[in-house]
Each structure stands twice: as structure tokens, then as C-alpha cells.
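Trainee: I have a structure open and want to learn how to read it. Where do I begin?
Mentor: Let us take it feature by feature.

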Amino acid sequence: MNDSLTFLIWFVPLWILGFTVMWLGITGGLAEFGGWGELARLYREPEGMARAPVRSFHMASLDLRRGWFPLPVNYGGCMVVEVAAAGLHLRPWRLFRFRHPPLFIPWSRIEHLQPGRVLFFRVLTISPGGVGTRLRLYGGPAKAVEEVYRQLAARAAQPVPA
């Protein structure tokens, strides 16, 4: 066998293996530094949970900022956000799923919503209870989460008829 063929026989599998290890290391690191791992410890979606979304966004952008980590981890356009009557379902695309299990945050566990704007985009910062990680949604998903959350809060504030 000639040297170039031997090189290709070894190089291609080693490159694929190296790239895979690198990809898993990066996605796993982002999960930990951004706070997804912390969220998953409290808000991991139960296996087989039925989703009944009111609104679903399959190309949403999400920023996670963990209390001690100075920079946000951005999931730009690769997040599935489902707004349901029971709470908020979050999961990244399959390609980014390593160490990112699907999350379910019930509305009752959200301590604070802070609407705002970044340039021309509507943003919503969500602070779930029990964790130091904050989530920031942009555009349509932010609007949908805010609307459903406000509707549920208004219903809960109404007096119960006697």
C-alpha cells in the first residue's frame, strides 16, 4: 500500500472520532457552564410526559446565564420552546442534546418574569425558583410565554364565587 492510502485509512476515522469527542465536550461544557445541568436537576421533564402546547416554536433562541458564570450561553435558533397551560417545555435540537435533557418548568415555579427589549427585539428574562440560572427568550416565544403566564396569574387572582 502506498503512503497516501495508509494516511487516509487512518486519518478519516481518527478525524471523525476527534470531532465527535470535541463536539460532545463542547456541548457538555455549555450545558454545565450555562446552567442547563442545574435546571435539569430540578426541572427535568419526566419520561413520557404528554405535551399539550398552546404555542410551539421550533427555531427559538435562548440565552442561559448562571449566577457565577459571567457570560451567557446562547442557543441561537436551535431551541424548541413549547408554551403549555401547565408550564414551559424546553429542549434543544437533537444535534445539541448531549447533557441537555428536555426541561419542564411549571408556571408555579417561576418566581419572576422581566420583559424588556434588546434593540428591536422583545426579550423576556425568566427566573425559575430554586436555581441561580436565568433564561432569556426572544421575539415570539417571549411574547407567548408572557401572555400565557399573565393569563394564568389573572385567573388565579380572581375571587372564587361563593
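Trainee: In which loop does Arg99 lie?
Mentor: Arg99 lies in the loop between β3 and β4, and β4 covers residues 103–106. Keep in mind that this is a predicted model.

Trainee: What is the phi of Arg99 near?
Mentor: Start with the general idea. Most residues other than glycine have a negative phi. Now the case here. Phi of Arg99 is near 65 degrees, a positive value in a residue other than glycine. Leu119 also has a positive phi, about 55 degrees, and is not a glycine. Leu119 is found in the loop between β5 and β6.

Trainee: Are Arg99 and Leu119 buried, partly exposed or exposed?
Mentor: Use the cut-offs. Under 20% relative accessible area is buried, over 50% is exposed, and partly exposed is in between. Arg99 has 47% relative accessibility, so Arg99 counts as partly exposed. Leu119 has a relative accessible area of 72%, so Leu119 is exposed.

Trainee: Where is Phe120, and is Phe120 buried or exposed?
Mentor: Phe120 sits in the loop between β5 and β6. At 75% relative accessibility, Phe120 counts as exposed. Phe120 and Gly139 are 19 residues apart along the chain, and their C-alpha atoms are separated by 9.3 Å.

Trainee: Now a strand. What does His89 touch?
Mentor: His89 lies in strand β3. Leave out residues up to four places away in sequence. His89 then touches Glu45, Met49, Arg51, Val80, Val81, Glu82, Ala84, Leu103 and Phe104. The relative accessible area of His89 is 3%, so His89 is buried. One partner deserves a second look. The side chain of His89 makes a polar contact with the side chain of Glu45, at 2.7 Å.

Trainee: Is Ser61 buried, partly exposed or exposed?
Mentor: Ser61 lies in strand β1. With 22% relative accessibility, Ser61 counts as partly exposed. A polar atom of the Ser61 side chain lies 2.9 Å from the backbone nitrogen of Gly77. Leaving aside neighbours within four places in sequence, Ser61 is in contact with residues including Tyr75, Arg136 and Tyr138. Ser61 and Asn74 are 13 residues apart in sequence and 7.4 Å apart in space, C-alpha to C-alpha.

Trainee: How do I read a helix?
Mentor: Think about turns. An α-helix has 3.6 residues a turn, so residues three or four places apart point the same way. Now look at α3, residues 139–157. Helix α3 has 19 residues and reaches 27 Å from its first C-alpha to its last, close to the 27 Å expected.

Trainee: Which residues of α3 are buried?
Mentor: Pro141, Ala142, Ala144, Val145, Glu146, Val148 and Tyr149 are buried. What covers them includes β1, β2, β3, β5, β6 and β7.

Trainee: How many residues of α2 are buried?
Mentor: Six of the eight residues of α2 are buried, and this helix is mostly covered. Trp36 and Tyr43 are among the buried ones.

Technical notes: Residues numbered from 1 in each chain as written. Predicted model: local features only at pLDDT ≥ 70, side-chain atom pairs only at ≥ 80, totals over all residues. Heavy atoms only, no water. Helix = DSSP H or I, 4+ residues; strand = E, 2+ residues; numbered from the N terminus. Expected span 1.5 Å × (residues − 1). Buried < 20%, exposed > 50% of the residue type's maximum accessible area, 1.4 Å probe, protein only. Contact = heavy atoms within 4.5 Å. Polar contact = N/O pair within 3.5 Å; in protein donor to acceptor, adjacent residues only side chain to side chain.
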